[in-house]
Amino acid sequence: MPELPEVEAAAIIARRTLVGRRLVAVTTHHAAQRRSLPPRHGARLAGLRIAAVERRGKSQLVHFSDGAVLLVHFRMNGDWEVVAEGAPAPAYTRVAFATDDGVRLCLVDPRALCTATYHAPGKPPRITLGPEPDQLTVTALRAALARRAGPIKPVLLDQKVVAGLGNIYAAEALWRARIDPRTPARDLSAPQLAALVKGIKAAIADGFARQGRYRAGTAGTAGTRAHAFKVYDREGLPCRRGCGAIARITQAGRSTYFCPTCQE
DNA sequence: TTACGCCTGGAG
DNA sequence: CTCCAGGCGTAA
């Protein structure tokens, strides 16, 4: 579940589970995560209190009392699961963070592509990201796209252009802005740039609205409702504006869904 | 720019 | 069996 809205919901869960608590143990359950977070790094976190959990783009930063930072990235399939004391770790748990109240925050990821990395006090990770969607302006987007000759959709996946967009929300934003994903990024007109900024914000806002699992007492909401994407994963289905069928093409090795009729 | 490695599971 | 998957770093 890993684009900006999903990561934000996850960060809220991590924040509620961790902040103010003391970490008592970190356990890695898979060789891939042992490479990104060697046991000796996890050991340095044990005993420390968690001061804050922050999200930047699709990254989560866990700040510790001594200034150390844990950088967690879900990649394709990562997610948090909160496990009560004594309960077994969920399937596909890759790293577990046990706190002093007995709860464990489990980093669950079937593909094990997720990463968690330790950053010593005074050496915070430097992540170069573009503006968050809610800070994005037409001026900033125009500047970011001015020299980009490639098609707009893969460019939107570049985190230095906008932070947090992934394959779903890039497609959703372009559909909302009625822009053909194959358009060279630097060729977007002024009205198209304005529409794209609006489209990005609307797509992300819609994503937030779909996140319900972090609200107290609503466990089980996630996944129950079928997704309500505008174009993503709708190949062959009618465009929601009543045009023809949604098409799927490959760009930069990834699927792009769009309406050939209303996106130009 | 595209291609591939990283990993594993699910769908057809 | 083959293909596909909400990401990203590196290589060619």
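In this predicted model, a polar side-chain atom of Glu-6 lies 2.5 Å from a base nitrogen of DNA strand C. Residues are numbered from 1 along each chain as its sequence is written, while chains are lettered from A and ligands numbered from 1 in the order in which they are written. Because the model is predicted, local features need pLDDT of at least 70 and side-chain atom pairs count only at pLDDT 80 or more, whereas totals for chains, interfaces and linings use all residues, and side-chain values use heavy atoms, with hydrogens and water left out.

| Residue | Protein atom | Atom of DNA strand C | Distance |
|---|---|---|---|
| Glu-6 | polar side-chain atom | base nitrogen | 2.5 Å |
| Tyr-232 | side-chain N or O | phosphate oxygen | 2.6 Å |
| Asn-167 | backbone N or O | phosphate oxygen | 3.4 Å |

Of the atoms of DNA strand C within 4 Å of the protein, 62% belong to sugar or phosphate and the rest to bases.

## Two buried leucines

Leu-165, in the loop between helix 5 (152-156) and helix 6, counts as buried because its relative accessibility is 1%, the cut-off being under 20% relative accessible area (1.4 Å probe, protein chains only). Among the residues that Leu-165 touches, not counting those up to four places away in sequence, are Glu-3, Lys-58 and Ile-204, contact meaning heavy atoms within 4.5 Å.

Leu-105 lies in strand 7 (residues 104-108) and, at 0% relative accessibility, likewise counts as buried. With residues up to four places away in sequence again left out, the contacts of Leu-105 include Ile-13, Leu-18, Trp-80 and Phe-97.

An open sheet of four strands has the order 2-3-4-8, with antiparallel pairing, two strands being paired if DSSP finds at least two bridges between them. Its edge strands, each pairing on one side only, are strand 2 (50-56) and strand 8 (115-119). Strand 4 (residues 69-73) pairs with strand 8 over five bridges in the antiparallel sense, and Leu-70 has Tyr-118 in strand 8 as its bridge partner.

Technical notes: A residue is near a molecule or strand if one of its heavy atoms lies within 4 Å of it. A polar contact is a pair of N or O atoms within 3.5 Å; within protein, one must be able to donate a hydrogen and the other to accept it, and residues adjacent in sequence count only if both atoms are side-chain atoms. Buried means under 20% relative accessible area, exposed over 50%, partly exposed in between (1.4 Å probe, protein chains only).
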